[in-house]
Amino acid sequence: MAPFFKAGAWTLFAALHLFSCCSFGCCEASRTSGSYSEGNRQEPEPSPYERVKRGWVWNQFFVVEEYTGTEPLYVGKIHTDSDEGEGNIKYTITGEGAGTIFIIDELTGDIHATERLDREEKASYTLRARAKDRLSNDLLESESEFVIKVQDINDSEPKFLEGPYIGSVAELSPIGTSVMKVTASDADDPTYGSSAKVVYSVMDGEEIFTVDRNEGIIMTAVADLDRETQDRYELVVKATDMAGQMGGLSGSTTVTIVITDVNDNPPRFPQKMYQFSVSEGAAVGTPVGRIIATDADMGENTDMSYLIKEEGDLFKVTTDVETQEAIVSIKKPLDFESKRTHNVVVEAVNKHVDPRFVDLGSFRDQTIVRVSVSDIDEPPIFQPADGTIMEVQEDTKVGALVGVISARDPDVKNKHVRFSIDRTTDQEMIFHIDPDSGAITLGKVLDRETAGWHNITVRAVETENHTMASHSAVSIRILDVNDNPPELATPYEASICEDAKPGQLIHTISVVDKDEPQSGHRFYFTLAPEGSSNRHFTLWDVKDNTAGIRTQRSGFNRHEQNVYFLPILVVDSGPPSLSSTGTLTIHVCGCDPEGAIQSCNATAYSMSAALSPGALIALLVCILILIVLVLLILTLKRHRKGQRMAEDEEDMRDNVIKYNDEGGGEQDTQAYDMSALRNLYDFPEAKSCDSGPDIRSLPQWIQANRVGGGSEGAAAAADFSLFKGYIRKKVEQADADLSVPPYDSFQTYAFEGNSSPALSLSSIHTMSTTSEQDFSYLSDWGPRFRQLAGYYAPANPEEEGS
């Protein structure tokens with residue numbers, strides 16, 4: 001059939017081509033050519049009734065695709081009217097496929113296709129034709145563009161480019177529910193015949209699903225799709241071109257349709273009864289057991305909640321969100337002696353019920369959970385269990401009964417119970433308890449004002465098993481009795497002016513009472529018997545547990561009496577009534593015309609009251625300034641003392657180095673020549689040996705020696721010349737030293753001379769020799785050498801003998 005079809009197609013193409021050429025031949029015959037020239041050659045203006053002749057004559061070319069012949073396929077012919085058949089015109093083409101796919105005969109203008117063309121790859125080719133003079137190679141006609149179109153044949157089958165397909169549809173969907181759409185593409189020309197006209201059909205699975213013939217929409221064909229029975233289907237959909245006619249090409253694809261879940265199944269318990277056991281001592285919240293209801297659905301359609309329909313007062317149920325299990329746990333303590341078996345009805349309910357399927361039945365299920373309670377040995381139980389409150393008067397005698405506490409063994413055997421007090425809660429042992437009866441008695445005297453409540457813990461244990469113990473809190477309230485007299489709240493003091501008027505309110509007093517009567521406090525105020533004869537002040541009971549003090553006369557004089565003491569008697573309401581006496585101190589003060597207190601004799605209180613805040617601040621500032629001044633003076637004195645000590649420490653070195661004078665000691669203030677200190681380098685010239693150096697520049701002890709003997713004075717003069725030469729030499733070295741700054745500087749030298757007539761004073765040297773030298777002359781060197789002279793003083797013969 002295919003070879004015959006192709007033979008028929010080529011026959012039809014040849015006939016169409018012949019018809020096309022004939023029709024274009026008629027067109028060619030109706031056209032005349034105008035002359036063509038190059039440069040500025042002008043064409044004659046045509047008349048309104050004269051046709052313009054065209055230079056080019058050719059056809060619009062068509063070539064059939066998929067040509068399988070061995071010879072090049074003739075496409076068409078180009079021709080110019082200037083071609084007279086003498087072979088002097090050369091035809092050429094350029095553009096898409098020129099020279100490769102399409103070739104032209106240069107003499108005749110015939111175009112042939114040398115390759116097999118595919119319209120699905122390229123539907124048309126645009127080329128340009130030229131006619132040139134073969135000898136001069138000049139263009140005879142302007143270049144013109146033409147198109148070669150590739151004619152389609154049905155050589156491409158439909159293809160599902162997006163396959164394979166996966167779709168979904170909910171179970172129990174009605175007939176005709178759209179599932180998805182499939183699309184096949186045909187590469188043939190949709191404008192030429194029916195080669196690209198595609199229709200769809202189901203090859204496998206048509207009893208469950210159908211497909212729209214023209215649109216490719218897949219729809220359900222049944223209404224009882226059940227995911228729990230089959231959760232997916234695979235279809236084969238075929239697409240055929242040529243509108244499904246005989247000879248059309250086809251393609252197929254696989255379509256997988258997943259059935260999605262809806263909540264059409266209720267939860268179901270696998271068992272109608274579950275049995276668990278739990279001890280009666282299990283704490284509240286202890287899990288008893290786990291049960292689960294199954295649901296054939298999936299996803300959130302299996303979410304369920306559990307409820308307790310019976311025995312909900314003792315048990316509760318929760319849902320494990322991960323496993324969807326029901327956890328039955330204890331809600332209240334269980335008692336084996338009260339009830340040994342509990343039947344708990346648990347119900348499972350779907351959370352997400354679809355209203356479309358409520359007519360399918362109830363989406364809930366119930367089961368029975370039987371819980372057996374096992375017996376254990378339990379500790380005693382106090383009655384009441386939440387603690388006991390007792391009351392006792394604070395004046396109750398030691399040994400009196402305060403109250404009785406009760407406890408029992410809850411077990412069937414009802415063992416004997418003994419009581420005791422936890423002494424960590426009653427370290428002072430104020431209370432005692434009878435171990436058998438639980439009677440609490442008083443062990444010490446009570447005082448409500450010290451402790452109004454006592455909280456103790458009572459322990460009850462089984463006599464046969466001491467590990468079975470329980471505790472209960474007992475609160476004992478101490479009831480008040482009137483055993484404390486009222487007292488003035490504070491040691492009151494009052495002040496009055498000398499010109500106070502009769503009946504003037506001076507002060508208001510109040511009292512305190514440590515007791516707390518149930519009916520409240522009520523106090524009575526009167527003057528004490530020793531103050532009843534008072535004619536200066538009166539007492540006014542305000543009736544609100546306070547009293548006011550008023551003046552009874554005028555004309556107080558602080559110089560005659562500046563203080564009054566008023567005894568006040570305060571009595572409470574009892575029973576029994578108790579009283580106390582307090583004293584109010586009243587000061588007589590001088591006041592200004594406005595009544596402000598100015599001064600009171602011997603009372604710092606009145607003075608402070610008369611000073612204004614500004615005056616007090618000024619007084620404090622003055623005191624602070626005085627303190628600062630004293631501290632500054634002490635600091636300066638300490639600083640000067642430190643300087644003196646530093647100078648004293650450096651005196652000996654300065655005397656030797658700076659003054660050229662060994663001095664007479666710290667106390668010798670006349671031994672120094674101050675001018676020599678100010679002019680270190682201005683030494684007086686040595687006088688003649690007879691007269692000697694200036695005696696004023698020598699220490700006093702040297703002056704004494706000079707007066708006493710001339711030989712010693714000559715030695716001293718020689719010593720001065722030695723120092724003078726040494727210092728002059730050092731000054732010259734300092735002046736010649738270029739490294740020192742070019743201004744006055746202070747030079748310090750340590751030169752003591754060549755030798756000393758006293759020789760070495762070293763204690764080490766002294767201790768190492770057996771010399772019997774006499775050091776008594778050290779005592780003549782002044783106060784500075786006093787301690788040294790003491791070290792070298794000759795020993796007392798008596799001490800040596802001892």
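Predicted model: local features only at pLDDT ≥ 70, side-chain atom pairs only at ≥ 80, totals over all residues.
Phe-269 sits in the loop between S15 and strand S16 (273-279), while Tyr-306 belongs to strand S18 (residues 304-310), so the pair ties together parts 37 residues apart in sequence.

The model has 9 aromatic pairs. Go to Phe-102 and Tyr-125, an edge-to-face pair with 5.2 Å from centre to centre and 75° between the planes. This pair links distant parts of the chain: Phe-102 is in strand S5 (residues 102-104) and Tyr-125 in strand S7 (residues 124-133), 23 residues apart. Tyr-125 is at 8%, and it counts as buried because the cut-off is under 20%.

Lys-122 lies over the face of Tyr-125, at 5.4 Å from the ring centre. For another charge over a ring, select Arg-553 and Phe-556. The charged end of Arg-553 sits over the Phe-556 ring, 4.2 Å from its centre.

Next, pick Phe-160, Tyr-165 and Tyr-200. These residues form one aromatic cluster.

Most peptide bonds are trans. Pro-164 lies in the loop between strand S8 (139-151) and strand S9 (165-170).

Jump to Gly-574 and Pro-575. The peptide bond between them is also cis, with omega near -10°. Pro-575 is in the loop between strand S38 (563-571) and strand S39 (579-591).

**Positive phi**

Most residues other than glycine have a negative phi. Select Ala-243. Its phi is positive, about 60°, although Ala-243 is not a glycine. Look for Ala-243 in the loop between strand S14 (232-240) and strand S15 (250-260). Ala-243 counts as partly exposed, at 24% relative accessibility.

Then select Asn-545. Asn-545 has a positive phi near 70° and is not a glycine. Its loop runs between strand S36 (537-541) and strand S37 (546-551). At 21% relative accessibility, Asn-545 counts as partly exposed.

**Around Arg-522**

Where is Arg-522? Arg-522 lies in the loop between strand S34 (505-512) and strand S35 (524-527). With 22% relative accessibility, Arg-522 counts as partly exposed. What does Arg-522 touch, leaving out residues up to four places away in sequence? Its contacts are Lys-543, Asn-545, Val-571, Asp-572 and Ser-573. Now show Thr-546. The C-alpha atoms of Arg-522 and Thr-546 are 9.8 Å apart, with 24 residues separating the two along the chain.

**Strand S29 and its partners**

Finish at strand S29 (residues 439-442), which runs antiparallel to strand S25 (residues 401-404) and is joined to S25 by 3 bridges. In this pairing, Gly-403 has Ile-440 of S29 as its bridge partner. Strand S28 (residues 431-433) also runs antiparallel to S29, again with 3 bridges. Which residue stands opposite Ile-433 in S29? The residue is Ile-440.

Last, follow the chain from S28 to S29. These strands form a hairpin with 5 residues between them. In the turn, select Gly-438, whose phi is positive at about 80°.

Note on methods. Residues numbered from 1 in each chain as written. Heavy atoms only, no water. Helix = DSSP H or I, 4+ residues; strand = E, 2+ residues; numbered from the N terminus. Buried < 20%, exposed > 50% of the residue type's maximum accessible area, 1.4 Å probe, protein only. Contact = heavy atoms within 4.5 Å. Pairing = 2+ DSSP bridges. Phe/Tyr/Trp six-rings, centres within 6.5 Å; stacked < 30°, edge-to-face > 60°. Lys NZ or Arg CZ within 6 Å of the ring centre and 35° of its normal.
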